[in-house]
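Here is a short briefing to read alongside the structure. Please keep the viewer open as you go through the points.

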Amino acid sequence: MNFEYIIVKPTYAEHIALIQLNRPKELNALNLQLMGEVRDALKSLDEDDNVRVIIITGNERAFAAGADIKQMSDKNAIDMLKIDQFSTWDQIKKTKKPIIAAVSGFALGGGCELVMHCDCVVASETAQFGQPEIKIGVMPGAGGTQRLPRAVGKALAMEMVLTGEFISAERALQAGLINKIVPVELLMDESVKMAKSMARNSPIALQMAKEAVLKSFENSLTEGLYLERKNFYMLFATEDQKEGMAAFVEKRKPEFKGR
Ligand code: CAA
């Protein structure tokens, strides 16, 4: 997979793929092409049977400093409607495999929203999160006003969206926006460790479990419980369920095949 603004390693570790945002001079500002590349890479990795978990990262200074302000600055409302830049983001939501964000430095605006599209977040001590769009006369447009309050609650979400100020990794952890903080030099090791602990499980069960958790943000409790129950029963159609339960009974490690 050859891209201009991202580096993709489908075999970064066993069953683990990596997408690295790679516009370092612009702090990984998410221009249209970069997000199109992320969409294409995710689609291809989601279809790759060897991949069970995907990690998205940036570099030490920035995960991503938001949508590309220079690309948007002269646009009018009709241009924005026609370009519909956030439609490329729909693929992230559609990706069935678990996605881990490995975040160092700035995760701002669209960068913070990209983090919130991911399923788990490992952050370095230097990570900063924010929705600073308000400071440039706009507001979050890639899910920030909806996913942030669900992640951190109304008070902090309002503070971040209305002041545009950043929060530290420590505060993000307290608020429930991220899973863990690690020293910057261990960011990838720790992210891979988390990814491995997912990837050793049945890939079909991973996808069905992810689907059910995500539905909890959209469905009523009754609908969500119904989907959960259906997915649970469906997993009994897989060889992985037979293998997982047999391995438990026989006191050995399961060998999941994704079937
Ligand atoms: N878009 C385009 N370029 C960006 C950018 C962005 N979001 N963020 C940083 N850059 C560019 C800078 O223009 C600069 O380029 P030049 O060297 O050519 O001038 C380069 O990256 C380095 O940035 P700074 O010199 O500003 O670095 P700094 O360390 O002084 O400041 C920063 C870092 C605080 C992150 C600052 O760059 C900043 O405030 N960036 C913008 C953050 C922002 O407002 N993000 C929201 C964007 S809108 C959005 O995301 C909408 C949405 O909902 C999806």
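Predicted model: local features only at pLDDT ≥ 70, side-chain atom pairs only at ≥ 80, totals over all residues.

L27 sits in the loop that runs between β2 (16–21) and α1 (32–47).

**The loop between β2 and α1**
- The phi angle of L27 is near 55°, which is a positive value in a residue other than glycine.
- N28 lies in the loop between β2 and α1 as well.
- For N28, phi is also positive, at about 60°, although this residue is not a glycine.

**Around the ligand**
- If you want to set up a view of the site, 23 residues surround the ligand.
- The closest of these residues are R61, A67, G110, E113 and E133.
- A polar backbone atom of G110 is 2.8 Å from an oxygen atom of the ligand.
- On the backbone of A65, a polar atom is 2.9 Å from a nitrogen atom of the ligand.
- For I69, a backbone N or O atom lies 2.9 Å from a nitrogen atom of the ligand.
- Taken alone, the ligand exposes 990 Å², and the protein buries 66% of that area.

**How α10 packs with α11**
- Helix α10 covers residues 203–215 and helix α11 covers residues 221–234.
- The two helices pack at an angle of about 175°, and their axes are 9 Å apart.
- Because angles over 145 degrees count as roughly antiparallel, α10 is roughly antiparallel to α11.
- From α10, the residues making the contact are M208, E211, A212 and K215.
- From α11, the contact is made by L227, E228, N231 and M234.

Methods:
Residues numbered from 1 in each chain as written. Heavy atoms only, no water. Axes fitted to C-alpha atoms, helices over the stretch in contact; angles between N-to-C directions. Helix = DSSP H or I, 4+ residues; strand = E, 2+ residues; numbered from the N terminus. Parallel < 35°, antiparallel > 145°, perpendicular 65-115°, else oblique. Contact = heavy atoms within 4.5 Å. Near = heavy atom within 4 Å. Polar contact = N/O pair within 3.5 Å; in protein donor to acceptor, adjacent residues only side chain to side chain. Areas by Shrake-Rupley, 256 points an atom, 1.4 Å probe, with all protein chains shown as cover.
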